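This report goes through one structure part by part. Please keep the sequence and the 3D view at hand while reading.

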Amino acid sequence: MEEISFKRSCSCGEVNISRRGEEIDLCGWVHRRRDLGGVIFLDLRDRSGIVQAVFNPESQPGAFTVADKARIEYVMYIHGVVAKRPEGSENPSIPTGEIEIIVDKAEILNPSLTPPFSVAEDKPIDENVRLKYRYIDLRRPKNMEAFRMRHKIAMSIRKFLDSRGFLDVETPMMTRSTPEGARDYLVPSRVNPGKFYALAQSPQLFKQLLMVAGFDRYYQIARCFRDEDLRADRQPEFTQIDIEMSFVKREDIFEVVEGMLATVFHESLGIELPLPFPRMAHAEAMERYGSDKPDTRFGMELVDITGLLESTEFGIIRTAIDKGGAVKGFTFKGGANFSRKETDSIAEKAKALGAQGLFFISHGENEVKSSLLKHLGEEKIKEILEFAGAEKGDLFMFAADAGTRLREILGRLRLELGHLHGLIPEDKFSFLWVIDFPLFVKEESGGLTAEHHPFTSPLPEDIPYLESDPARARAAAYDVVLNGYELGSGSIRIHRRDVQERIFELMGLTDEQIRDRFGFLLDAFEYGAPPHGGVALGLDRLCAIMSGKDSIREVVAFPKNLSAVCPLTGSPMYIEQEHLDILHIKADVPVEANTGKI
RNA sequence: GGGGUCGUAGCGUAGCGGUUUAACGCGCCUGCCUGUCACGCAGGAGAUCGAGAGUUCAAAUCUCUUCGGCCCCGCCA
């Protein structure tokens, strides 16, 4: 093969009018090709941008011949002179539009098959196709941009935490299985037949041990693994900004996280976040938004009108109240003129979410309309509108059911309608801290399980409840919420052996289970464990939201699809029995499946 | 495990109240074209309509099954 000699003196996007007259060497991909017969224009693209190269058959026949053969996505080397474009042929829509490269030497470094989809055009493409050819998909400038942003965000985080005295420490990815968390990904140990490591769900216990070790302030941008079903915001492996600090109270953690996020937003988006973030008790979030991660970019808050309907005889409402339930609803601003068809469709959605029915009161220009006018009377209807703060032109919708169930249904309906009717400002970033989570949630079986995780300290004033009424105890736990996403979650940890043991007991673990699974942690607490606490933030979610993407797959270079499959590499795959034998594993699948074919 | 939605040339879509050659745009190939930048013009190739079964004189279109994508619920200490 012919020896290719290429050089690179600058990148495509860097060329500008100040280099006029300079000879330069560029490498890149053919973005677009415009063959006018006598003259060929190639747009050459690299990470930095696009520049137009001109090939003339008379002045440089050699280069022209190369350009004649070049096609879209060929990798090229060109040498030429930076020239101001002829008067009137400038292209103001690209940064390098003032100039062009008059090429006198060109080589094709590598040809390309016709790509399965266009890099130059920014059309939506089926995601499975995109992921199969992810290396082409990522060439699309808009897609690459998200990774530039991710890099900037990570750099800001590291700089900020370093400036605050945090130590970046790596912790094991291969560790112990923790049965009470998410499902683990398991890794067989060849040298310990029958034994497995688990891929870390988070560095939780290690960072606490680092506090016992006196590391004081730790952080890590850590990969975590959880074998649960996937979502737009959930991948089996994801990245967490993991932080832990000693001798701190909740406010110290808030201050660090707020400072860090403010720095990130300032440096990456030029946006100044108002500090401190609002705080809201978990109970209040559930009451007002029907969610523990409320999207506070828009209103439509839930109101409780149970009190107004205490004496009503109307069927569904009466029944719900008698059963100890509630009547709640929210106002849709300007919704009074909705057609019957539209309100029917909203009621359908509510039913799909589990509501028994949805009632409407429309506050029209001249009259108040409601299907319940007869049942409740005009006085009562007006009272409800007044109480809900609904004005002329608004639509109030409400339902009756058991309280906790009702607010979750309405909370979801609120979100769905908000999205559907474009009520959520896209360019807004609404942060808040949700605090005072319950320590435990009741399982279906009636047992208790940790709402956050079992290493979370109860609020000091609620410690007595551990004996009298554990379900009532609140946790020193907090979530940082952004635009309705749980961005991060943390807590002040337990640092005393007796309290930690009590929590495990309340969760129904036997002494033996406690010793076996967490003995090392309890032991550590007895050797001078400092009070400590921390937080972990989802880097993927942060990047997705900051880049305006709907899915974290857009900010992960090689993500898996919803079936946890990587369409590019074909993982996961069957493993040949011979290989499994070394690991002492017998697969419970048909033998023919186990042939190692991808 | 459950619900919703979508599968038609390489890509994006139309056709889906039953019929003849499955249409359009982009891309691709060939030819023409010396200032284009979504270059233009002319011609051409390319699809067993995701798969299987059924109903019918006739199925991309209707029915059932199945596979796959996306979104959601459950799940995610």
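## The barrel

Strand β4 (residues 75–84) and strand β5 (residues 99–110) run antiparallel and are joined by 10 bridges. One residue pair shows how they line up: opposite M76 stands I108 in β5. The model described here is a predicted one.

β4 and β5 belong to a closed barrel of five strands, which runs in the order β1-β2-β3-β5-β4. The pairing in this barrel is mixed. From one strand to the next, the twist averages 55 degrees. Strands of a sheet pair through backbone hydrogen bonds, and the pairing can be parallel or antiparallel.

## The three-stranded sheet

Which strands make up the open sheet, and in what order? The order is β7-β9-β8, three strands with antiparallel pairing. β7 and β8 are the edge strands, as each of them pairs on one side only.

Strand β9 (residues 196–199) is joined to strand β7 (residues 174–175) by two bridges, and the two run antiparallel. With strand β8 (residues 186–188), β9 pairs over three bridges, in the antiparallel sense.

## Two helix pairs

Helix α4 (residues 141–163) packs with helix α6 (residues 250–269) at an angle of about 140 degrees, and their axes are 9 Å apart. An angle of this size makes α4 oblique to α6. The limit that decides this is 145 degrees, since angles over 145 count as roughly antiparallel. The crossing of α4 and α6 is right-handed.

A second pair consists of helix α9 (residues 340–352) and helix α12 (residues 403–420). Their axes cross at roughly 135 degrees and come within 9 Å. α9 and α12 are therefore oblique to each other. The crossing of α9 and α12 is right-handed.

## The surface near the RNA

How many residues surround RNA strand B? There are 50, and the closest are D35, E58, S89, E100 and H452. Of the atoms of RNA strand B that come within 4 Å of the protein, sugar and phosphate account for 53%. By residue type, the surface near RNA strand B divides into 13 nonpolar, 16 polar and 21 charged residues.

Some individual contacts can be looked up in the 3D view. A backbone N or O atom of D35 is 2.4 Å from a base nitrogen of RNA strand B. For D126, a backbone N or O atom lies 2.7 Å from a phosphate oxygen of RNA strand B. For R71, a polar side-chain atom lies 3.3 Å from a phosphate oxygen of RNA strand B. The elements giving two or more residues to the surface near RNA strand B are β1 (23–35), α2 (127–132) and β20 (448–450). β1 gives the largest share, three residues.

## Backbone details in loops

Where in the chain does P276 lie? P276 is in the loop between α6 and β12 (279–281). The peptide bond from L275 to P276 is cis, and its omega is near -10 degrees. Another cis peptide bond joins S571 and P572, with omega about 0 degrees. P572 is found in the loop between α16 (539–546) and α17 (577–582).

E73 has a backbone feature of another kind. Its phi is positive, about 70 degrees, although E73 is not a glycine. E73 lies in the loop between α1 (61–69) and β4. β4 is the strand that 10 bridges join to β5.

Methods: Residues are numbered from 1 along each chain as its sequence is written. Chains are lettered from A and ligands numbered from 1 in the order in which they are written. This is a predicted model: local features need pLDDT of at least 70, side-chain atom pairs count only at pLDDT 80 or more; totals for chains, interfaces and linings use all residues. Side-chain values use heavy atoms; hydrogens and water are left out. A residue is near a molecule or strand if one of its heavy atoms lies within 4 Å of it. A polar contact is a pair of N or O atoms within 3.5 Å; within protein, one must be able to donate a hydrogen and the other to accept it, and residues adjacent in sequence count only if both atoms are side-chain atoms. Helices (H or I, at least four residues) and strands (E, at least two) are DSSP runs, numbered from the N terminus. Ala, Val, Leu, Ile, Met, Phe, Trp, Tyr, Cys and Pro count as nonpolar, Asp, Glu, Lys and Arg as charged, and the others, Gly among them, as polar. Two strands pair if DSSP finds at least two bridges between them. Axes are lines fitted to C-alpha atoms, for helices over the stretch in contact, and angles run from 0 to 180 degrees between N-to-C directions. Angles under 35 degrees count as roughly parallel, over 145 as roughly antiparallel, 65 to 115 as roughly perpendicular and the rest as oblique. A crossing is left-handed if the near helix is turned anticlockwise from the far one by less than a right angle, and right-handed if clockwise.
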